[in-house]
Amino acid sequence: MNSNSFFEQVYSIVEQIPYGKVVSYGQISRMLGSPRGARMVGWAMRRCPEHLPWQRVVMNDGSITGGVYADLRRQFLETEDVTFLPDGRVDMELCRWDGLE
């Protein structure tokens with residue numbers, strides 16, 4: 001599978017993540033049948049089209065990544081009523097999208 005095809009598949013999943021829900025990079029890679037592809041999902045997300053809900057992709061433990069965009073990502077998630085733990089991570093138990101909705 002070439003990277004462009006993989007990236008498009010990643011974006012197809014990201015497009016479906018419901019308001020107020022999040023998924024992890026590893027979760028997306030498993031959905032695509034590439035369980036060791038979380039890093040490649042991260043590469044795809046660096047080029048994610050702006051119209052997609054890119055803020056809804058977080059680390060498996062709920063940590064927010066994004067370098068200079070991490071604070072912005074958190075702000076977007078807060079406006080979607082995503083629940084955060086006291087240590088600042090997303091409450092994955094409450095907010096993880098299982099891909100079935």
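Predicted model: local features only at pLDDT ≥ 70, side-chain atom pairs only at ≥ 80, totals over all residues.
Visitor: Which residues does Tyr 11 touch, not counting residues up to four places away in sequence?

Guide: Residues are numbered from 1 along each chain as its sequence is written, and side-chain values use heavy atoms, with hydrogens and water left out. Tyr 11 is found in helix 1, where helices (H or I, at least four residues) and strands (E, at least two) are DSSP runs, numbered from the N terminus. With contact taken as heavy atoms within 4.5 Å, and leaving out residues up to four places away in sequence, Tyr 11 touches Ala 44, Arg 47, Cys 48, Pro 49 and Leu 52.

Visitor: Does Tyr 11 count as buried or exposed?

Guide: Buried means under 20% relative accessible area, exposed over 50% and partly exposed in between, with a 1.4 Å probe and protein chains only. The relative accessibility of Tyr 11 is 8%, and Tyr 11 therefore counts as buried.

Visitor: At what angle do helix 1 and helix 3 pack?

Guide: Axes are lines fitted to C-alpha atoms, for helices over the stretch in contact, and angles run from 0 to 180 degrees between N-to-C directions. Helix 1 (residues 3-16) and helix 3 (residues 38-46) have their axes 9 Å apart, and the two helices are therefore roughly perpendicular, given that angles under 35 degrees count as roughly parallel, over 145 as roughly antiparallel, 65 to 115 as roughly perpendicular and the rest as oblique. Their packing angle is about 80 degrees.

Visitor: Which residues of helix 3 are met by helix 1?

Guide: From helix 1, the contact draws on Ser 3, Phe 6, Phe 7, Val 10, Tyr 11 and Val 14. The residues on both helices divide into ten nonpolar, one polar and no charged, where Ala, Val, Leu, Ile, Met, Phe, Trp, Tyr, Cys and Pro count as nonpolar, Asp, Glu, Lys and Arg as charged, and the others, Gly among them, as polar. On helix 3, the residues met are Met 40, Val 41, Trp 43, Ala 44 and Met 45.

Visitor: Which exposed residues lie on the face of helix 3 turned away from its buried side?

Guide: The buried residues of helix 3 are Val 41, Gly 42, Ala 44 and Met 45. They cover an arc of only 160 degrees around the axis, which puts them on the same side of helix 3, the arc being that of the directions from the helix axis to the C-beta atoms. Their cover includes helix 1, helix 2 (25-31) and strand 2 (57-58). The face turned away carries the exposed residues Arg 39 and Arg 46.

Visitor: What covers the buried residues of helix 4, among other things?

Guide: In helix 4 (residues 70-79), the buried residues include Ala 70, Arg 73 and Leu 77. They cover an arc of only 60 degrees around the axis, which puts them on the same side of helix 4, whereas the face turned away from the buried side carries the exposed Asp 71 and Thr 79. The cover of the buried residues includes helix 2 and strand 2.

Visitor: Which residue with a positive phi follows helix 4?

Guide: Most residues other than glycine have a negative phi. The residue following helix 4 has a positive phi, near 60 degrees, and is found in the loop between helix 4 and helix 5.
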